[in-house]
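Here are a few exercises to work through with the model open in your viewer. Try each one yourself before reading the solution.

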Amino acid sequence: MTRAPRDPRIAIVGAGMSGICMGAMLKRAGIDTFVVFEKAARVGGTWRENTYPGIACDVPSRFYQFTFAPNPDWTHRYSPGAEIWAYFERVAADTGVAERIRFSTTITEARWTGTAWAVSASDGTCEEFDFLVSATGILHHPAYPRIEGLETFAGPAFHSARWDHDVDLSDKRVALIGTGSTGVQILGDLAGKVDRLLLLQRTPHWVVHLANPAFSEFTRRLHGRFPAYDRFSYHVNRKIIEALSPALLHPGRTRRFLTWLTKRQLSRVTDPDLRAALTPDSAPMCRRLIISPTYYDAVQHPDVEVITTPIARIEPAGVVTTDGTLHPVDVLVLATGFDAHAYLRPINLIGPGGLTLDEVWADGPRAYQTVAVPGFPNFFMFMGPNSPVGNYALTAIAETQAGYALTWIARWRRQEFESAMPTAEATDRFYVGVDEALPDTVWATGCTSWYLGANGKPELFPWAPERHRVLLGRIDDGDFVMTSAAS
Ligand code: NAP
(Lines give C-alpha, C1' and ligand atoms only; values in the text may rest on other atoms or scores of the structure.)
Protein backbone atom coordinates (compact mmCIF):
# COMPACT_ATOMS: atom_id res chain seq x y z
CA MET A 1 0.00 0.00 0.00
CA THR A 2 1.46 3.37 -0.96
CA ARG A 3 1.32 6.03 1.70
CA ALA A 4 0.19 9.58 0.95
CA PRO A 5 3.11 11.98 0.83
CA ARG A 6 3.72 13.87 4.06
CA ASP A 7 3.74 17.64 4.17
CA PRO A 8 7.13 18.91 5.23
CA ARG A 9 7.43 22.03 7.37
CA ILE A 10 10.13 24.11 5.71
CA ALA A 11 11.76 27.31 6.96
CA ILE A 12 13.43 29.43 4.31
CA VAL A 13 15.53 32.26 5.66
CA GLY A 14 15.59 35.25 3.33
CA ALA A 15 13.17 36.52 0.68
CA GLY A 16 15.80 37.64 -1.78
CA MET A 17 16.38 36.08 -5.17
CA SER A 18 17.30 32.64 -3.71
CA GLY A 19 14.48 32.47 -1.17
CA ILE A 20 11.94 33.42 -3.82
CA CYS A 21 13.42 30.76 -6.11
CA MET A 22 13.13 28.06 -3.41
CA GLY A 23 9.58 29.09 -2.52
CA ALA A 24 8.49 29.20 -6.15
CA MET A 25 9.96 25.76 -6.87
CA LEU A 26 8.28 24.31 -3.78
CA LYS A 27 4.98 25.77 -4.94
CA ARG A 28 5.49 24.27 -8.38
CA ALA A 29 6.08 20.90 -6.70
CA GLY A 30 2.77 21.29 -4.89
CA ILE A 31 4.33 22.05 -1.50
CA ASP A 32 2.75 24.91 0.36
CA THR A 33 3.85 24.17 3.89
CA PHE A 34 6.78 26.55 4.03
CA VAL A 35 7.47 29.89 5.65
CA VAL A 36 9.91 32.44 4.27
CA PHE A 37 11.39 34.57 7.03
CA GLU A 38 12.47 38.01 5.86
CA LYS A 39 14.14 40.57 8.10
CA ALA A 40 12.99 43.54 6.00
CA ALA A 41 9.54 44.72 5.00
CA ARG A 42 9.92 43.89 1.30
CA VAL A 43 11.41 41.13 -0.82
CA GLY A 44 14.41 41.51 -3.10
CA GLY A 45 17.59 41.01 -1.04
CA THR A 46 20.54 42.66 -2.72
CA TRP A 47 18.25 44.41 -5.23
CA ARG A 48 16.26 45.94 -2.37
CA GLU A 49 19.34 46.98 -0.41
CA ASN A 50 21.44 48.34 -3.26
CA THR A 51 19.77 51.38 -4.77
CA TYR A 52 22.88 53.39 -5.59
CA PRO A 53 22.89 55.50 -8.77
CA GLY A 54 23.95 53.47 -11.79
CA ILE A 55 23.03 50.10 -10.30
CA ALA A 56 22.49 47.42 -12.92
CA CYS A 57 23.28 43.76 -13.36
CA ASP A 58 26.30 43.05 -15.52
CA VAL A 59 24.94 39.61 -16.42
CA PRO A 60 22.66 39.75 -19.50
CA SER A 61 19.04 40.09 -18.39
CA ARG A 62 17.87 37.36 -20.75
CA PHE A 63 19.93 34.98 -18.60
CA TYR A 64 19.48 36.74 -15.25
CA GLN A 65 15.94 35.47 -14.78
CA PHE A 66 14.33 32.24 -13.61
CA THR A 67 13.59 29.66 -16.29
CA PHE A 68 10.11 29.28 -14.76
CA ALA A 69 9.42 33.03 -14.81
CA PRO A 70 10.56 34.47 -18.14
CA ASN A 71 10.43 38.23 -18.44
CA PRO A 72 9.94 39.49 -21.98
CA ASP A 73 9.89 43.08 -20.72
CA TRP A 74 13.56 43.63 -19.86
CA THR A 75 14.40 47.07 -21.16
CA HIS A 76 18.15 46.60 -21.64
CA ARG A 77 20.72 43.93 -22.27
CA TYR A 78 21.97 44.71 -18.74
CA SER A 79 18.89 45.97 -16.95
CA PRO A 80 18.88 48.54 -14.16
CA GLY A 81 18.58 47.50 -10.53
CA ALA A 82 15.07 48.89 -9.96
CA GLU A 83 13.76 46.80 -12.84
CA ILE A 84 15.38 43.66 -11.44
CA TRP A 85 13.95 44.35 -7.99
CA ALA A 86 10.48 44.81 -9.54
CA TYR A 87 10.93 41.51 -11.40
CA PHE A 88 11.61 39.60 -8.16
CA GLU A 89 8.66 41.29 -6.44
CA ARG A 90 6.48 40.22 -9.34
CA VAL A 91 7.75 36.63 -9.29
CA ALA A 92 7.09 36.46 -5.52
CA ALA A 93 3.53 37.72 -6.05
CA ASP A 94 2.72 35.68 -9.16
CA THR A 95 3.97 32.39 -7.75
CA GLY A 96 2.19 32.86 -4.42
CA VAL A 97 5.48 32.92 -2.51
CA ALA A 98 4.64 36.41 -1.21
CA GLU A 99 1.76 34.95 0.82
CA ARG A 100 4.18 32.64 2.61
CA ILE A 101 6.58 35.40 3.68
CA ARG A 102 6.79 36.59 7.26
CA PHE A 103 8.21 40.08 6.91
CA SER A 104 10.18 42.07 9.50
CA THR A 105 11.23 38.84 11.19
CA THR A 106 14.91 38.31 11.87
CA ILE A 107 15.99 34.74 12.56
CA THR A 108 18.56 34.61 15.33
CA GLU A 109 18.99 30.90 15.98
CA ALA A 110 18.15 27.50 14.57
CA ARG A 111 18.68 24.48 16.82
CA TRP A 112 18.27 20.81 15.85
CA THR A 113 16.08 19.21 18.49
CA GLY A 114 16.78 15.63 17.39
CA THR A 115 13.77 15.49 15.10
CA ALA A 116 13.34 19.03 13.77
CA TRP A 117 14.80 22.54 13.52
CA ALA A 118 13.62 24.89 16.27
CA VAL A 119 13.86 28.26 14.57
CA SER A 120 13.92 31.34 16.80
CA ALA A 121 13.25 34.90 15.75
CA SER A 122 14.26 38.17 17.40
CA ASP A 123 10.63 38.79 18.43
CA GLY A 124 10.93 35.85 20.83
CA THR A 125 8.92 33.35 18.78
CA CYS A 126 10.17 29.83 18.10
CA GLU A 127 8.72 27.30 15.65
CA GLU A 128 9.71 23.82 14.54
CA PHE A 129 10.44 22.80 10.96
CA ASP A 130 11.51 19.58 9.24
CA PHE A 131 13.88 21.42 6.89
CA LEU A 132 15.91 24.59 7.15
CA VAL A 133 16.98 26.40 3.99
CA SER A 134 19.39 29.30 4.21
CA ALA A 135 18.84 31.86 1.46
CA THR A 136 20.53 34.76 3.19
CA GLY A 137 22.57 35.97 0.22
CA ILE A 138 26.30 36.28 -0.17
CA LEU A 139 27.00 40.01 -0.52
CA HIS A 140 24.84 41.57 2.15
CA HIS A 141 27.05 42.50 5.08
CA PRO A 142 28.56 45.89 4.13
CA ALA A 143 32.32 46.05 4.73
CA TYR A 144 33.23 49.40 6.23
CA PRO A 145 36.84 50.43 5.72
CA ARG A 146 39.05 50.87 8.73
CA ILE A 147 40.24 54.40 8.03
CA GLU A 148 41.38 56.65 10.85
CA GLY A 149 38.93 59.47 11.52
CA LEU A 150 36.12 58.07 9.35
CA GLU A 151 33.58 58.76 12.07
CA THR A 152 34.72 62.41 12.35
CA PHE A 153 33.66 63.34 8.82
CA ALA A 154 31.33 66.35 9.04
CA GLY A 155 29.10 65.63 6.03
CA PRO A 156 26.95 62.68 5.02
CA ALA A 157 28.91 59.42 4.73
CA PHE A 158 27.29 56.17 3.66
CA HIS A 159 28.02 52.73 2.25
CA SER A 160 26.93 52.02 -1.32
CA ALA A 161 24.42 49.45 0.01
CA ARG A 162 22.93 52.05 2.38
CA TRP A 163 22.52 54.88 -0.11
CA ASP A 164 21.06 58.03 1.44
CA HIS A 165 18.64 59.31 -1.21
CA ASP A 166 17.83 62.36 0.92
CA VAL A 167 21.23 63.82 0.11
CA ASP A 168 21.14 65.93 -3.05
CA LEU A 169 24.55 65.43 -4.63
CA SER A 170 24.14 67.80 -7.56
CA ASP A 171 26.08 70.68 -5.99
CA LYS A 172 28.39 68.59 -3.83
CA ARG A 173 32.00 67.52 -3.89
CA VAL A 174 31.80 63.76 -3.54
CA ALA A 175 34.58 61.37 -2.54
CA LEU A 176 33.97 57.85 -3.83
CA ILE A 177 36.13 55.21 -2.15
CA GLY A 178 36.33 51.91 -4.03
CA THR A 179 36.69 50.88 -7.65
CA GLY A 180 35.05 47.45 -7.69
CA SER A 181 31.91 46.66 -9.71
CA THR A 182 29.88 48.97 -7.46
CA GLY A 183 32.26 51.95 -7.50
CA VAL A 184 32.54 51.70 -11.28
CA GLN A 185 28.74 51.74 -11.71
CA ILE A 186 28.37 54.70 -9.33
CA LEU A 187 31.10 56.65 -11.09
CA GLY A 188 29.51 55.90 -14.47
CA ASP A 189 26.27 57.47 -13.29
CA LEU A 190 27.54 60.38 -11.15
CA ALA A 191 30.29 61.73 -13.42
CA GLY A 192 29.10 65.10 -14.65
CA LYS A 193 26.08 65.18 -12.34
CA VAL A 194 27.86 66.40 -9.19
CA ASP A 195 30.00 69.45 -8.55
CA ARG A 196 33.20 67.39 -8.33
CA LEU A 197 33.88 63.69 -7.98
CA LEU A 198 37.04 62.37 -6.36
CA LEU A 199 37.60 58.69 -7.09
CA LEU A 200 39.90 57.21 -4.46
CA GLN A 201 41.41 54.12 -6.01
CA ARG A 202 43.50 51.75 -3.92
CA THR A 203 43.99 49.10 -6.59
CA PRO A 204 43.01 49.35 -10.27
CA HIS A 205 40.65 46.67 -11.64
CA TRP A 206 40.32 45.40 -15.19
CA VAL A 207 37.19 46.66 -16.88
CA VAL A 208 35.57 45.36 -20.05
CA HIS A 209 33.55 47.90 -21.92
CA LEU A 210 30.39 46.30 -23.28
CA ALA A 211 27.59 48.34 -24.77
CA ASN A 212 24.21 48.23 -23.05
CA PRO A 213 21.64 48.69 -25.81
CA ALA A 214 17.94 49.07 -25.03
CA PHE A 215 15.62 46.35 -26.33
CA SER A 216 13.17 47.68 -28.91
CA GLU A 217 9.44 47.44 -28.43
CA PHE A 218 9.42 44.90 -31.25
CA THR A 219 11.98 42.67 -29.52
CA ARG A 220 10.05 42.80 -26.28
CA ARG A 221 6.83 41.86 -28.04
CA LEU A 222 8.61 39.03 -29.80
CA HIS A 223 9.79 37.62 -26.47
CA GLY A 224 6.30 38.02 -24.99
CA ARG A 225 4.55 36.39 -27.90
CA PHE A 226 6.97 33.50 -28.36
CA PRO A 227 8.13 32.07 -25.02
CA ALA A 228 10.21 29.53 -26.95
CA TYR A 229 12.22 32.43 -28.36
CA ASP A 230 12.77 33.75 -24.85
CA ARG A 231 13.95 30.31 -23.74
CA PHE A 232 16.25 30.20 -26.74
CA SER A 233 17.78 33.57 -25.75
CA TYR A 234 18.24 32.33 -22.20
CA HIS A 235 20.10 29.24 -23.35
CA VAL A 236 22.22 31.09 -25.90
CA ASN A 237 23.38 33.54 -23.21
CA ARG A 238 23.98 30.70 -20.78
CA LYS A 239 25.94 28.67 -23.33
CA ILE A 240 28.16 31.61 -24.21
CA ILE A 241 28.93 32.41 -20.57
CA GLU A 242 29.43 28.74 -19.71
CA ALA A 243 31.78 28.26 -22.63
CA LEU A 244 33.78 31.35 -21.73
CA SER A 245 33.96 30.77 -17.97
CA PRO A 246 36.34 27.77 -17.90
CA ALA A 247 38.30 29.04 -20.89
CA LEU A 248 38.91 32.33 -19.09
CA LEU A 249 40.01 30.63 -15.90
CA HIS A 250 43.00 28.90 -17.45
CA PRO A 251 45.87 29.96 -19.72
CA GLY A 252 45.08 29.73 -23.41
CA ARG A 253 43.78 31.59 -26.41
CA THR A 254 40.60 32.92 -24.76
CA ARG A 255 42.59 34.35 -21.85
CA ARG A 256 45.09 35.92 -24.22
CA PHE A 257 42.19 37.50 -26.09
CA LEU A 258 40.68 38.89 -22.88
CA THR A 259 44.05 40.34 -21.87
CA TRP A 260 44.41 41.94 -25.27
CA LEU A 261 40.83 43.26 -25.19
CA THR A 262 41.03 44.80 -21.70
CA LYS A 263 44.36 46.50 -22.56
CA ARG A 264 42.99 47.77 -25.83
CA GLN A 265 39.89 49.16 -24.14
CA LEU A 266 42.05 50.83 -21.51
CA SER A 267 43.73 52.72 -24.34
CA ARG A 268 40.51 54.75 -24.56
CA VAL A 269 42.05 56.66 -21.67
CA THR A 270 44.12 59.23 -23.54
CA ASP A 271 46.21 60.71 -20.71
CA PRO A 272 49.19 58.32 -20.31
CA ASP A 273 49.56 59.07 -16.58
CA LEU A 274 45.90 58.32 -15.92
CA ARG A 275 46.12 55.22 -18.11
CA ALA A 276 49.11 53.99 -16.13
CA ALA A 277 47.26 54.66 -12.87
CA LEU A 278 44.30 52.62 -14.09
CA THR A 279 46.42 49.65 -15.25
CA PRO A 280 46.17 46.68 -12.89
CA ASP A 281 49.20 44.53 -12.23
CA SER A 282 47.09 41.38 -11.83
CA ALA A 283 45.62 39.22 -14.59
CA PRO A 284 42.12 40.01 -15.87
CA MET A 285 39.54 37.84 -13.99
CA CYS A 286 41.88 37.31 -11.02
CA ARG A 287 39.42 39.63 -9.30
CA ARG A 288 35.84 39.67 -10.50
CA LEU A 289 35.87 41.13 -14.00
CA ILE A 290 34.09 44.47 -14.14
CA ILE A 291 31.76 45.06 -17.05
CA SER A 292 30.76 48.63 -17.76
CA PRO A 293 29.51 50.58 -20.75
CA THR A 294 30.65 53.91 -19.26
CA TYR A 295 33.70 53.65 -17.00
CA TYR A 296 36.54 54.86 -19.19
CA ASP A 297 34.49 57.81 -20.44
CA ALA A 298 33.33 58.70 -16.92
CA VAL A 299 36.80 58.52 -15.45
CA GLN A 300 38.01 61.07 -18.02
CA HIS A 301 35.20 63.52 -17.34
CA PRO A 302 36.64 66.95 -16.50
CA ASP A 303 34.80 66.98 -13.14
CA VAL A 304 36.32 63.65 -12.08
CA GLU A 305 39.69 63.36 -10.39
CA VAL A 306 41.32 59.97 -9.80
CA ILE A 307 43.43 59.89 -6.65
CA THR A 308 45.79 56.96 -6.28
CA THR A 309 47.82 58.24 -3.34
CA PRO A 310 46.70 56.09 -0.40
CA ILE A 311 44.26 57.49 2.13
CA ALA A 312 45.99 58.44 5.41
CA ARG A 313 42.91 59.53 7.35
CA ILE A 314 39.56 61.24 7.14
CA GLU A 315 39.06 64.64 8.73
CA PRO A 316 35.79 66.54 9.21
CA ALA A 317 36.51 68.54 6.03
CA GLY A 318 37.60 65.71 3.75
CA VAL A 319 40.12 63.01 2.90
CA VAL A 320 43.81 63.35 3.71
CA THR A 321 46.17 61.30 1.56
CA THR A 322 49.58 60.04 2.67
CA ASP A 323 51.32 62.93 0.88
CA GLY A 324 49.66 65.24 3.42
CA THR A 325 47.12 66.73 0.98
CA LEU A 326 43.64 67.44 2.32
CA HIS A 327 41.03 66.83 -0.38
CA PRO A 328 37.99 68.82 0.77
CA VAL A 329 34.69 67.04 0.11
CA ASP A 330 31.05 67.36 1.20
CA VAL A 331 29.94 63.72 0.91
CA LEU A 332 31.73 60.43 1.41
CA VAL A 333 30.56 57.32 -0.48
CA LEU A 334 31.99 54.00 0.64
CA ALA A 335 31.84 51.52 -2.24
CA THR A 336 34.07 49.26 -0.18
CA GLY A 337 32.35 45.93 -0.73
CA PHE A 338 30.98 43.24 1.54
CA ASP A 339 31.95 40.51 3.95
CA ALA A 340 31.37 37.62 1.57
CA HIS A 341 32.35 34.94 4.08
CA ALA A 342 29.67 35.34 6.72
CA TYR A 343 27.04 33.33 4.81
CA LEU A 344 24.06 32.79 7.14
CA ARG A 345 25.92 34.06 10.21
CA PRO A 346 25.21 35.84 12.62
CA ILE A 347 22.35 33.29 12.79
CA ASN A 348 23.47 30.80 15.41
CA LEU A 349 23.13 27.36 13.79
CA ILE A 350 23.27 24.54 16.33
CA GLY A 351 23.32 20.94 15.18
CA PRO A 352 22.99 17.63 17.05
CA GLY A 353 25.03 17.52 20.26
CA GLY A 354 25.18 21.31 20.46
CA LEU A 355 27.75 21.64 17.67
CA THR A 356 27.63 25.16 16.21
CA LEU A 357 28.36 26.27 12.67
CA ASP A 358 31.03 28.62 14.03
CA GLU A 359 32.80 25.61 15.55
CA VAL A 360 32.53 23.54 12.37
CA TRP A 361 33.79 26.50 10.34
CA ALA A 362 36.56 27.49 12.74
CA ASP A 363 39.12 26.92 9.96
CA GLY A 364 36.97 28.53 7.27
CA PRO A 365 33.59 27.91 5.62
CA ARG A 366 33.19 24.56 3.85
CA ALA A 367 30.16 22.90 2.35
CA TYR A 368 29.38 19.57 0.76
CA GLN A 369 29.07 20.35 -2.95
CA THR A 370 28.23 23.98 -2.05
CA VAL A 371 24.81 23.18 -0.52
CA ALA A 372 24.97 21.22 2.75
CA VAL A 373 27.19 20.97 5.83
CA PRO A 374 28.21 17.83 7.73
CA GLY A 375 26.80 17.93 11.25
CA PHE A 376 23.62 19.75 10.23
CA PRO A 377 20.74 17.47 9.15
CA ASN A 378 18.00 18.53 6.76
CA PHE A 379 19.81 21.79 6.12
CA PHE A 380 20.47 23.32 2.71
CA MET A 381 22.21 26.51 1.77
CA PHE A 382 22.11 28.80 -1.26
CA MET A 383 25.36 30.38 -2.50
CA GLY A 384 27.29 28.43 0.10
CA PRO A 385 31.10 28.18 0.13
CA ASN A 386 32.63 27.41 -3.28
CA SER A 387 29.45 28.09 -5.24
CA PRO A 388 30.15 29.33 -8.79
CA VAL A 389 29.44 32.95 -7.89
CA GLY A 390 31.96 34.77 -10.12
CA ASN A 391 30.84 36.36 -13.39
CA TYR A 392 27.73 34.18 -13.67
CA ALA A 393 23.94 34.41 -13.17
CA LEU A 394 23.16 33.70 -9.54
CA THR A 395 19.57 32.99 -10.62
CA ALA A 396 20.81 29.88 -12.45
CA ILE A 397 22.85 28.73 -9.44
CA ALA A 398 19.81 29.23 -7.21
CA GLU A 399 17.67 27.05 -9.48
CA THR A 400 20.30 24.30 -9.38
CA GLN A 401 20.62 24.44 -5.59
CA ALA A 402 16.84 24.65 -5.08
CA GLY A 403 16.40 21.63 -7.37
CA TYR A 404 18.85 19.67 -5.21
CA ALA A 405 17.08 20.57 -1.95
CA LEU A 406 13.74 19.78 -3.56
CA THR A 407 14.90 16.28 -4.52
CA TRP A 408 15.72 15.57 -0.87
CA ILE A 409 12.44 17.06 0.29
CA ALA A 410 10.52 14.91 -2.21
CA ARG A 411 12.24 11.81 -0.81
CA TRP A 412 11.34 12.86 2.73
CA ARG A 413 7.73 13.22 1.63
CA ARG A 414 7.86 9.62 0.40
CA GLN A 415 9.17 8.68 3.85
CA GLU A 416 12.51 7.45 2.52
CA PHE A 417 14.29 9.04 5.49
CA GLU A 418 13.75 11.26 8.53
CA SER A 419 16.97 13.19 8.54
CA ALA A 420 19.94 13.37 6.21
CA MET A 421 23.26 15.16 6.31
CA PRO A 422 26.46 14.79 4.31
CA THR A 423 29.36 12.91 5.85
CA ALA A 424 32.61 14.65 6.71
CA GLU A 425 34.41 12.16 4.42
CA ALA A 426 32.27 13.05 1.39
CA THR A 427 32.84 16.73 2.09
CA ASP A 428 36.60 16.13 2.36
CA ARG A 429 36.48 14.30 -0.97
CA PHE A 430 34.76 17.29 -2.58
CA TYR A 431 37.53 19.53 -1.23
CA VAL A 432 40.30 17.25 -2.48
CA GLY A 433 38.98 18.00 -5.97
CA VAL A 434 38.50 21.70 -5.23
CA ASP A 435 41.99 22.07 -3.76
CA GLU A 436 43.54 20.26 -6.71
CA ALA A 437 41.75 22.43 -9.26
CA LEU A 438 41.99 25.86 -7.60
CA PRO A 439 45.73 26.47 -7.97
CA ASP A 440 45.37 26.18 -11.76
CA THR A 441 42.81 28.95 -11.93
CA VAL A 442 43.39 32.63 -12.60
CA TRP A 443 42.05 33.42 -9.10
CA ALA A 444 45.21 31.94 -7.63
CA THR A 445 47.61 34.05 -9.71
CA GLY A 446 48.26 36.54 -6.94
CA CYS A 447 45.70 39.25 -6.24
CA THR A 448 43.44 40.10 -3.34
CA SER A 449 39.67 40.13 -3.63
CA TRP A 450 36.52 39.13 -1.80
CA TYR A 451 36.88 35.76 -3.54
CA LEU A 452 39.63 34.81 -1.07
CA GLY A 453 38.83 33.30 2.31
CA ALA A 454 40.81 33.97 5.49
CA ASN A 455 43.21 31.16 4.49
CA GLY A 456 43.99 32.97 1.24
CA LYS A 457 42.22 30.36 -0.92
CA PRO A 458 39.49 31.41 -3.35
CA GLU A 459 36.09 30.27 -2.02
CA LEU A 460 34.85 29.57 -5.54
CA PHE A 461 33.84 26.65 -7.70
CA PRO A 462 36.98 25.91 -9.73
CA TRP A 463 35.22 24.26 -12.67
CA ALA A 464 32.68 25.25 -15.29
CA PRO A 465 29.27 26.24 -13.87
CA GLU A 466 27.84 23.42 -15.99
CA ARG A 467 29.67 20.93 -13.78
CA HIS A 468 27.92 22.39 -10.74
CA ARG A 469 24.60 21.63 -12.40
CA VAL A 470 25.69 18.07 -13.20
CA LEU A 471 27.05 17.56 -9.67
CA LEU A 472 23.82 18.67 -8.03
CA GLY A 473 21.68 16.93 -10.63
CA ARG A 474 22.12 13.63 -8.80
CA ILE A 475 22.07 12.46 -5.21
CA ASP A 476 24.64 10.08 -3.86
CA ASP A 477 23.19 8.26 -0.84
CA GLY A 478 26.64 6.99 0.07
CA ASP A 479 27.70 10.56 0.83
CA PHE A 480 24.99 10.96 3.47
CA VAL A 481 24.16 9.79 6.96
CA MET A 482 20.44 9.11 7.04
CA THR A 483 18.04 8.16 9.76
CA SER A 484 15.09 6.18 8.53
CA ALA A 485 11.44 7.04 8.74
CA ALA A 486 9.43 5.47 11.53
CA SER A 487 7.30 2.70 10.07
P1 NAP B 1 34.55 45.02 -4.11
O2 NAP B 1 34.66 44.42 -5.44
O3 NAP B 1 34.97 44.22 -2.93
O4 NAP B 1 35.35 46.39 -4.16
C5 NAP B 1 35.59 47.14 -2.99
C6 NAP B 1 36.45 48.34 -3.36
O7 NAP B 1 36.67 49.11 -2.17
C8 NAP B 1 37.82 47.93 -3.89
O9 NAP B 1 38.19 48.81 -4.90
C10 NAP B 1 38.70 48.09 -2.66
O11 NAP B 1 40.04 48.35 -2.93
C12 NAP B 1 38.07 49.32 -2.03
N13 NAP B 1 38.39 49.44 -0.63
C14 NAP B 1 38.01 48.63 0.38
N15 NAP B 1 38.53 49.06 1.55
C16 NAP B 1 39.24 50.16 1.25
C17 NAP B 1 40.03 51.07 2.03
N18 NAP B 1 40.19 50.90 3.35
N19 NAP B 1 40.63 52.09 1.40
C20 NAP B 1 40.50 52.25 0.07
N21 NAP B 1 39.77 51.44 -0.72
C22 NAP B 1 39.17 50.41 -0.13
O23 NAP B 1 33.05 45.50 -3.77
P24 NAP B 1 31.88 45.92 -4.77
O25 NAP B 1 32.38 46.85 -5.80
O26 NAP B 1 30.74 46.33 -3.92
O27 NAP B 1 31.54 44.58 -5.50
C28 NAP B 1 31.37 43.38 -4.76
C29 NAP B 1 30.73 42.36 -5.63
O30 NAP B 1 29.35 42.65 -5.73
C31 NAP B 1 31.21 42.32 -7.06
O32 NAP B 1 32.44 41.70 -7.22
C33 NAP B 1 30.07 41.57 -7.68
O34 NAP B 1 30.15 40.20 -7.43
C35 NAP B 1 28.88 42.16 -6.96
N36 NAP B 1 28.34 43.25 -7.77
C37 NAP B 1 27.75 42.86 -8.93
C38 NAP B 1 27.27 43.83 -9.75
C39 NAP B 1 26.65 43.38 -11.04
O40 NAP B 1 26.47 44.20 -11.90
N41 NAP B 1 26.31 42.11 -11.20
C42 NAP B 1 27.37 45.16 -9.43
C43 NAP B 1 27.95 45.51 -8.21
C44 NAP B 1 28.44 44.53 -7.39
P45 NAP B 1 41.02 47.15 -3.33
O46 NAP B 1 40.65 46.83 -4.74
O47 NAP B 1 42.37 47.70 -3.17
O48 NAP B 1 40.72 46.04 -2.37
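A residue is called buried under 20% relative accessible area, exposed over 50%, and partly exposed in between (1.4 Å probe, protein chains only). Residues are numbered from 1 along each chain as its sequence is written. The model is predicted, so local features need pLDDT of at least 70 and side-chain atom pairs count only at pLDDT 80 or more, while totals for chains, interfaces and linings use all residues; side-chain values use heavy atoms, with hydrogens and water left out.

**Exercise 1.** Find the salt-bridge partner of Arg-345 and say where the two residues sit.

*Solution.* Start with the criterion: a side-chain nitrogen of Lys or Arg within 4 Å of a carboxyl oxygen of Asp or Glu. Arg-345 meets Asp-358 at 3.2 Å, N to O. (Helices, H or I with at least four residues, and strands, E with at least two, are DSSP runs numbered from the N terminus.) Last, check the cover: Asp-358 has a relative accessible area of 47%, so call it partly exposed.

**Exercise 2.** Work out which parts of the chain the salt bridge between Glu-418 and Arg-6 ties together.

*Solution.* First, the distance: N to O is 2.7 Å. Then the locations: Glu-418 lies in the loop between α11 and β20 (419-422) and Arg-6 in the segment before β1 (10-13), so the tied parts are 412 residues apart in sequence. Finally, Arg-6 counts as buried at 18%, whereas Glu-418 is partly exposed at 26%.

**Exercise 3.** Which residues have the most contacts inside the largest nonpolar core?

*Solution.* The largest has 140 residues, and Met-22, Phe-66 and Val-299 top the contact list inside it. Then ask which helix gives the most: α11 (residues 394-413), with 11 residues.

Conventions
Core = buried A, V, L, I, M, F, W, Y, C linked by side-chain atoms within 4.5 Å.
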